[in-house]
Each structure stands twice: as structure tokens, then as C-alpha cells.
Amino acid sequence: MTFAHRHLLGIEQLKPQDITQILDLAESYVDLNRQAAKHADVLAGLTQINMFFEASTRTQASFELAGKRLGADVMNMAMQASSIKKGETLIDTALTLNAMHPDLLVVRHPHSGAVDLLAQKVNCAVLNAGDGRHEHPTQALLDALTIRRAKGRLHRLNVAICGDIAHSRVARSNILLLGKMESRIRLIGPPTLVPAQFADMGCEVYDDMREGLAGVDVVMMLRLQKERMDGGFIPSEREYYHRYGLDAEKLALAKPDAIVMHPGPMNRGVEIDGTLADDINRSVIQDQVEMGVAVRMAAMELLAGNLAGSRVPA
Amino acid sequence: MSLLFTNVRLIDPAGGTDTPGRLLVRDGRIAEVGPDIAAPEGAEVIDGRGACLAPGIVDIGVKVCEPGERHKESYKSAGKAAAAGGVTTIVTRPDTSPAIDTPEALEFVNRRAQADAPVNVLPMAALTKGREGREMTEIGFLMDAGAVAFTDCDRVVTNTKVFSRALSYARSLGALVIGHPQDPGLSDGAAATSGKFATLRGLPSVSPMAERMGLDRDLSLVEMTGARYHADQITTARALPALERAKANGLDVTAGTSIHHLTLNELDVADYRTFFKVKPPLRSEDDRMATAEAVRTGLIDIISSMHTPQDEESKRLPYEEAASGAVALETLLPAALRLYHAELLDLPTLFRAMSLNPARRLGLDAGRLETGAPADLLLFDPDVPFVLDRATLKSKSQNTPFDGQRMQGRVLGTWVAGRPVYRRN
């Protein structure tokens, strides 16, 4: 079955069956990644370029590993250090790289919409690895796979997303994905970080964490950026932890089998209690990292299948 | 030399009428208006074939990029665009680089305009030196040199002491001050209006309340100083009651809005289309409808193009980084006619906002179809459909949000002081 999209720019464009298609294929890669020999060669001969205009360790490593396990030639470009400093525009950079005939372009950029803009200018498949506060589709997909494996389904779940929703592309992509899969979403955080407009996206908004966590199946914590802790959005780290940090006491309000997620990197003692994060009975944070590689392998294989003259079986 | 228009619909905003008739021009002025005027000896006769004849548009807030960025728009190109758009008077903005903040800079503008522009050009000057909001400009000398109004454009004078002194000083000279009602703290860094759309797109956004806060502040200072004040763009429903109150209290206050805020809304930005990035950002549909209604009732006095040329390079960027502004001299009329075809505004009301009111606010005797008024006229067909191709625009910059859109209504001819400056074949 072919994949219905040329690029993976966001969850917004995907239909539920597209999401299921990626997750189903990713399952097979979870198994492969657990074997000693982890190679599948569906991307052999193809070139993957990772362009990160914003620093990233985890996502970039995950994409790099995903490409290598599928046999692609992977190149990483640290864009903060290069031509941008010399005044080259995003479009010119895109055209320059495009002339080198990459097949897959993985892009992260600090501005919302920048990856869409770039995708309009190149011939290859583009994967959005996070643009501004807009979308981070592979993160939402890996979260979905993690939830599906833990809960056996993606529909009729109550999912709480807690923390800095306003500045989070992870939150937006997750809201869109879980909404499409017919789960209910609660957003929890102070009004400075969870603006009321999110209610228009079909979410329930809570500024009381205890109320918001009552009876949920999944608790998804978000990272609080250091630069937001200076009194601009919240008064202090310790007051934030007191009201919105996840600890065993607050988690007790959720369903007894509720799972705890975090996209990483974590601030232990700011948004999540360290012991809780390490509790293998509740926390699926390490699973999320594992699912990340599998989901990215699946997404890249499906997009490569749509490339002209591709040898990847469609 | 005289000129007779026959078989036209006379759109008279002063009388609020739209009647068939004839109009005679002699020596650059309107000599007679009526149903039955005989052509004088040697007069040129123009058969309008039922098209509309209206007073030429007076457009407050046009950016011509001289000095500084002539590659974006010159007096020549802006003048041609204005003539093609039925705009007979452009009132230019001082937000050039450097800003128009000295009589010498203003003389440069006058000289350039006289040499190159086929339409009337009236310059505005900066309210504070360098538009930096610290020291007021030489308002008296600038008025002597021809400045018709004073404004720092989209830079709000944040220091209320500086602003109140400038307003007081301007009042002593009877100068008109144009403000940009916006709370600069709230709107800092914003690229969209807060709401579901901005949330979905992940764009930094500003609450529509920032406009009301800016307007409330400005109106308080106007009440304090007694200055003549015009708000450049009112674009939100929530700002309207404050405006209404100020007018009811007898303050010398008028307000404008931009053609883009009257005809487009935030959803038009769609997938980060930067040609739709304007300042203030496009609003919700509710705000658009409230703004159009305020133009109908006369609460909002003036419609402007807010013509802002930007080159391709400053628009071909991620949305947040892209420059704001859109060209509009040539699309002002067909866009405004969307409001007419949608039956929101009739033609006399449109020309009250585009011709009569701006002329009155600046103390000009244009904007009317009356004996003795200057023969600044435009002849247009309100119905003819076309698809806009931005490559056909006469502006040097072609950053229009209407590219490829279906529009209705076109200028057939434009006359300034009875001289033809544009004829469409």
C-alpha cells in the first residue's frame, strides 16, 4: 500500500488511516531493532540529509540511526554553524542542498512554517523534525506507538498533557493526533503556559493539576524550558514544581494503570519527580526513545516508496 | 479647455447619491453637475456608457520607498500605480530610511514627487526625530514645508510624556497627529492575531485587546491635550466603543482602517502565505464584519490602502521573519467593490470613506462632485470581472495578497485637475 503523502510536515495533513499505516509498519521495526543484526536495506543507495537549524541531540541521533539501519547514506549538517551565519536565506540553502540530489531531507527549524516553506522548493521527501512551536510529527507518532503498545488502543483514552503547551510543538502534534484517533485530551498548566485558545482545539483546559489528572489513562509531561523560568511565565522553579510537578501523590489521582510519558530531556525535580521517572511500572519514557527510532524508520520507508524511480517496494 | 462626461452614474459621497447624469470640467475644476448639460464649443466629450464617475481617491498612508529603498517603490512607480488605481492624491508616510523628520528631507520628497508623480502627493512627516519616540520634530517648519500630518507610523511613541508634549505642541499649530493604536508590549514579536488559527499554526500572536489598549491610551492623551488625532487603523470590534465614546464627547478624533482588514481575515494566511502578513495582523471574521459595519455607520471615517511595498527577498522567508505589508494602490478599488458586491456598503458610502472624509480631514476641497471642487475624478466599471495577475501591477513591488484572485470592478480612467493621468483601453 502506498503512503498518501509526499512529505511528512505535520499531523494536521494526515488521516487516521495514514497514522495507523505508519504505526503498523513501525511495529515490525521495533522487532528488528531488538535483534542483534539490525539491518534492513530498503533505503540502500538513497541519501538522507539531516538539517538542524536548532540544536538537537536526541531527535537528530534517532533520525540518523533510523536512516543507517535502513541502509541510507546519512549526512548531518549543523546549520546553526554554517551558511546561515553568512547571510544565506533558507530557500537558497534548500536549493543548494537540493542540487546534491538528496532523497530524504530531515529538517528542524526555530520558526513555525519554515519546514513547509522549504518543502515547496525541493524535489525530495521532507520530514519535519520540529518547526518553531508548530509541529513535531514524528514525536507525536512515537508517543502514539508507545501508548498503543501500553494500552492496546488509541481511541477512547483520556490523555493529560501537562506543562508548557503554549510554546510546544510536541503538544500541538499530540493534540492533533490524539484528536484524530478519537481520544480525549486535557491540557494542564498555568494560564501563562496554557492559553485559553486551546479550548478551541477541542481540548479541556485545567489550571488545577489535581483536577486535571483525575481518572486519566496517560500523563504526558512536557519539558519546561529554562528561559521560561525567570519570572516571565512562572514565578519560580519551586512554585512550579509544587503546583505542576508530577509526583506520586498527584499521579495517584490518575487511573491506577496510568502511564507516564515525557519527550525528554527531563528536568528532574522541576516538572517530574526523579524516582517516578525511573519507575518501570509507570514510566514509559525509555520506551518512547525506542519507539522513536522505529517510527522514524517507518516514516522514511513510506516516504521513500513514493520517490520517483524508487526501488523501495510500494 | 473643457471636458464633458456624459452618460455616467454620478457617485456623490457628500450628498450620498448615485444618479445618472453629466459632469462638466473647466480649467481643472468641476464647472457643472446635472442631468442635462450641453457640450460647450470645443469641449472634449467622454461617453461613460453607464460607468460610474466618482471623486478621486485620497489615500492616507502610502509608503513610497524614497529615500532609502527606491528599488521597492519610487515616486514614479507609485504615481503610476496610483493613477491606475483611481487614486488622485497620495498622502505619503515618513517611515522611509532615513525618516522624513526635517524640512530638508520633506523638500526632497516634494521635489521628487513633483518631478515624477502624475497624481497629487501630500507628504506626512515624522512626529518624533528618527521616529525614535524621544524628541518631537520641527512641527512648525515641517508644516511650512507642506507636511499635512505627523506620524511615527507603526512605531508607537511609548513614552507618554513625550507623546503628550508632542500632541500639545501640535495642537498649538493645528497639526493633525496620526497614531497607531497598539499596545507595543503586548504586540511585541507577534505575527498573527491570537485565536484558534494562530494556535494551530504555532505563530506568536497578539490579543486583539492590544488595539483597544493603544486606542484608550491615545484617546486619554487627546482628551488631555485637545489635539487633532486620527487613528491609522482600527481593525477590531473591541476598539469601536472607545472610538464612539470619544466622538460623542466631542474630541477631534477620526479613525481609519485598511482595505486588507476589510476584505481578508486571518484564515487567508493559510499555509504561512507571507503576502498576507500585514501590520496589525489580519483579524477574525467577526472583527472584519464589525469593521465594515463601522465604515457603513461612519464611526470609522476613512479607508486606506496602507500601500507597503516589499521586495521578494523580504517576503520569501519563514512567516515570522518575513516583512509585513502589502501593496494596494491598484487593488484598493476592486477590493473595496467586494464590499459593495457583498451588499455591505453602497458606492456613495465607499467614496465617503475613500475620497470625501480623507480630503475633509486634511482640509482639502477635493473628494466632492460639486461645482468649484478640483476635477480629480475616476471613471470605473463596478461590475467587470477579472483575475488579478500581480505581474501586471505598475508598482515596483508586487506583494499583493490578491494575486490570482477573482475580482470585480476596474478603473477606466483617472483625471487629476482635469488632466487625464490614466486611461484603460
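Me: In which helix of chain A is A:Arg169 placed?
Reply: A:Arg169 sits in helix α6, residues 169-180 of chain A. Helices here are DSSP runs of H or I with at least four residues, strands are runs of E with at least two, and both are numbered from the N terminus. The model is predicted, so local features need pLDDT of at least 70 and side-chain atom pairs count only at pLDDT 80 or more, whereas totals for chains, interfaces and linings use all residues. Residues are numbered from 1 along each chain as its sequence is written, chains are lettered from A and ligands numbered from 1 in the order in which they are written, and side-chain values use heavy atoms, with hydrogens and water left out.

Me: Why is A:Arg169 called buried?
Reply: A residue is buried under 20% relative accessible area, exposed over 50% and partly exposed in between, with a 1.4 Å probe and protein chains only. A:Arg169 has 12% relative accessibility and therefore counts as buried.

Me: What does A:Arg169 touch, leaving out residues up to four places away in sequence?
Reply: Contact means heavy atoms within 4.5 Å. On that basis the partners of A:Arg169 include A:Glu54, A:Arg108, A:His109, A:Asp131 and A:His136.

Me: Which other residues of chain A does a "binding site" annotation cover?
Reply: The unreviewed UniProt entry also gives A:Arg58, A:Thr59, A:Arg108, A:His136, A:Gln139, A:Gly264 and A:Pro265. The lining of the largest pocket includes A:Arg58, A:Thr59, A:Arg108, A:His136, A:Gln139, A:Gly264 and A:Pro265.

Me: What makes A:Thr59 a buried residue?
Reply: The relative accessibility of A:Thr59 is 10%, so A:Thr59 counts as buried. A:Thr59 belongs to helix α2, residues 58-69 of chain A. Beyond four places in sequence, A:Thr59 touches A:Phe52, A:Arg108, A:Ala129, A:His136 and A:Arg296.

Me: How do you know whether A:Gly264 is buried or exposed?
Reply: A:Gly264 has a relative accessible area of 18%, and is therefore buried. A:Gly264 lies in the loop between β9 (259-261) and α10 (274-278) of chain A, and A:Pro265 is placed in the loop between β9 and α10 too. The peptide bond from A:Gly264 to A:Pro265 is cis, with omega near -10°.

Me: Where in chain B is there a cis peptide bond?
Reply: The bond from B:Glu66 to B:Pro67 is cis, with omega near -5°. B:Pro67 is part of the loop between β6 (57-62) and α1 (75-84) of chain B.

Me: Why are α10(B) and α13(B) called roughly perpendicular?
Reply: Helix α10 (residues 285-297) and helix α13 (residues 347-361) of chain B pack at an angle of about 90°, with their axes 9 Å apart. Axes are lines fitted to C-alpha atoms, for helices over the stretch in contact, and angles run from 0 to 180 degrees between N-to-C directions. Angles under 35 degrees count as roughly parallel, over 145 as roughly antiparallel, 65 to 115 as roughly perpendicular and the rest as oblique. The two helices are therefore roughly perpendicular to each other. Their contact is made by B:Val295, B:Arg296 and B:Thr297 of α10(B) and B:Thr349, B:Arg352 and B:Ala353 of α13(B).

Me: Why is B:Ala417 called partly exposed?
Reply: At 36% relative accessibility, B:Ala417 counts as partly exposed. B:Ala417 lies in the loop between β16 (406-416) and β17 (419-423) of chain B, and has a positive phi of about 50° although it is not a glycine.

Me: What makes B:Cys153 buried?
Reply: B:Cys153 counts as buried because its relative accessibility is 7%. B:Cys153 has a positive phi of about 55° without being a glycine.

Definitions and conventions:
UniProt positions renumbered as here; feature names shortened; annotations may be inferred. 1 Å grid on protein atoms, 1.4 Å probe; cavity = no way out; pocket = protein on both sides within 12 Å on 5 of 7 lines; lining within 4 Å.
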